[in-house]
Amino acid sequence: MGITRDASWVAQRIHELLGTKYIEYNADGTIREERGLTPADFAVLFRSIKRSYNPHNLPHRHFEFTNALRAIGVPYTLEAEGGIFERPHAVAIRDTMELLRNPSPTRETVRTLFDREIVTCFPQADFNELSQVISNWNLLIHTPAGGARRKVYPQELLHQILHAFRVENSNFNDVVLRDLGVFSKIILDVEKVYVSIDSPIRYSEILNFLSNVAETGYDVSTLDIVEKPDAVTISTIHKMKGLEYPVVFIVDVVNRRFPSDRSTYSGWLPANLMAAPINRGAYCTTRQDEARLFYTAMTRAERFLYITGAAQQPDAQRPKHPSDFKRRIDNLGVSSDFALPDGIEYTAQKRRVDETILPTSYSDIKEYLVCPMGYKLKKLFGFNPAVPELFGFGLTTHTIIERLHQQYPTVAPTRQEVIDLVEATFHLKHIFPSNDPIHRPGPYERAYDSASEIAQNYVSSFAPDFERLREDEARFEITIGQAMVSGAIDLLLKRDEHGNIMDSHVIDFKSLDAPDDDTPNDWIDLSLQVQLYAYAADQVLGENTRTGSVYLLKEHGTDARVNIPVENDAVSAAISNIGWAVDRILDGDFPMRPCRGKCESCDVNRICPKVPQHFTSDIVPPPIHVPTGQGQVQIKAFSEFDK
């Protein structure tokens, strides 16, 4: 049997087993759930996907298997020693960015790449819009610098390219979206080094990074269970250690491939320098090593194990013989019947979620409470937002407030002391100071003045707080349902003369304007966070928090501090919402919940289809208690949803 026929049989058997009933058991032997197998329950394992002899530049060994799965519409994910740029969609984006390496790419050059590569991967792509994106960014990158540095961020370029590719209209599966998300993560790493790509040299260095370091440095296989797409896993055995699947196919089990030939050290370092590790058995392969690896592969299977191998191989001059390992299995009387097992039943497909606790934070959960699809794109697939205007202003202002309390723990600082501390602390990485800050102040100088004003207003309005003990960034981890929620709390503590804590107050700082009285939805996120922190202070830190508030850094006077309800009912409703969100995440329930105003401010609005969808569950969490006069409000996934 040839490799193509073997791959087709594997793909067909996977298709036949999809939806077969699978019973999950608890540790005590009781049934946890019955569900139908999904693509994520299958693994196709190789000894190695690379060809040791490949003069004709043949693709990796998984090529026939991925083709066979693609032909029958079964999704797959490659976790077999492959990097992100083995994926065609990522390559198309990188090649599009390469158009801007040299100045003034012609429209014909863009058209050539569009017809040859882009439209194959992104069939909805808009050529005219892409040409405009390339033209605009050519000016941003290649226009000679003059005056202050320009703010040119590669993540914004990526978002504009994806929008020109019409990703939002392409109905891509999770595998493709995950690959695009990894590309966004690569660009995020770039932005940690380059604050702007406003010169040809800087931009070329980014392209060199994408073509060299990023070529092998980003592997999409190291994903948590809730991040994995619902797709067949194609992998090497080495990467599957510690993992199990209901159905496993060990393929390419032929002689001199599995087990492979005995190998010796072939590195570039002199053998005499490597003598010690070589003598210990490192950097070589023995028959015993291969047997242990084969055992590892077999024990990845929970219910069904298939072992296959094709005699006809595209890189072999003569037919391959069956592997010694497979012959030993055959001698045990194991069935070689190609028919489906007797007694199998079918039921609705449902993904498995392990009983592990989902690690998360409030900042992650609140994304789901606003729009589950936004959570999926940003938190699971890894899409990062473009750098916003004044990025980091809230963080640096919060740091200034923290340091004021740290340096003046018993008495409020003077105005000059506040000014001095702001000067020593203020920092914005992505905003450049003006070349003439006195006569021509820019965004950096205006942000600096605003932070100084905020700090001075805070000290003058809330001087008594400096007489209370302040505990900054008290860390916590609490279990809510199936999640481990972590974070940090700012607490104001009041002690008696003996040092005993008489009262604790949760406070959260936000660099935003006060929501309007007629928009109670704007208080949801602020209230939820303070209520969660009040719960954490009680559960973990042992502080019975009676009051909580939000300090709106852009407001003035006592109006800047708004009390948030933290009574038992309010806290209970907040925790119920978080638990509900975790359950929906683990169930893989990520509907789009669009609303015009909400979508306009969303970081991923240019790649989201914005099609109204409903939750798979009818359970609706209780409303959130917001400040006095606003009442109770449903989370935005329900209260801001255009059906």
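Trainee: How many residues does α17 have, and how far does the helix reach?

Mentor: Helix α17, residues 443–461, has 19 residues and reaches 27 Å from its first C-alpha to its last, which is close to the 27 Å expected at 1.5 Å a residue. The expected span is 1.5 Å times one less than the number of residues, and helices are DSSP runs of H or I with at least four residues, while strands are runs of E with at least two, numbered from the N terminus.

Trainee: Where does this model come from?

Mentor: This is a predicted model, in which local features need pLDDT of at least 70 and side-chain atom pairs count only at pLDDT 80 or more, whereas totals for chains, interfaces and linings use all residues. Residues are numbered from 1 along each chain as its sequence is written, and side-chain values use heavy atoms, with hydrogens and water left out.

Trainee: Back to α17, which residues are buried there?

Mentor: Among them are Tyr444, Ile454, Tyr458 and Val459, where buried means under 20% relative accessible area, exposed means over 50%, and partly exposed is in between, with a 1.4 Å probe and protein chains only.

Trainee: New topic: at what angle do α13 and α14 cross?

Mentor: The axes of α13 (residues 362–370) and α14 (residues 372–380) cross at roughly 140° and come within 5 Å. Axes are lines fitted to C-alpha atoms, for helices over the stretch in contact, and angles run from 0 to 180 degrees between N-to-C directions.

Trainee: What does that make α13 relative to α14?

Mentor: That makes α13 oblique to α14, because angles under 35 degrees count as roughly parallel, over 145 as roughly antiparallel, 65 to 115 as roughly perpendicular, and the rest as oblique.

Trainee: Which residues meet there?

Mentor: Ser363, Asp364, Glu367, Tyr368 and Val370 in α13 meet Pro372, Tyr375, Lys378 and Lys379 in α14.

Trainee: And alanine 574, is it buried or exposed?

Mentor: Alanine 574 is found in helix α19, residues 568–586, and counts as buried because its relative accessibility is 0%. Leaving aside residues up to four places away in sequence, alanine 574 touches Leu528, Gln531 and Ile624, a contact being heavy atoms within 4.5 Å. The C-alpha atoms of alanine 574 and isoleucine 624 are separated by 6.2 Å, although the two are 50 residues apart along the chain.

Trainee: What is the phi of arginine 166?

Mentor: Arginine 166 has a positive phi of about 55° although it is not a glycine. Most residues other than glycine have a negative phi. Arginine 166 lies in the loop between α6 (154–164) and α7 (174–193).
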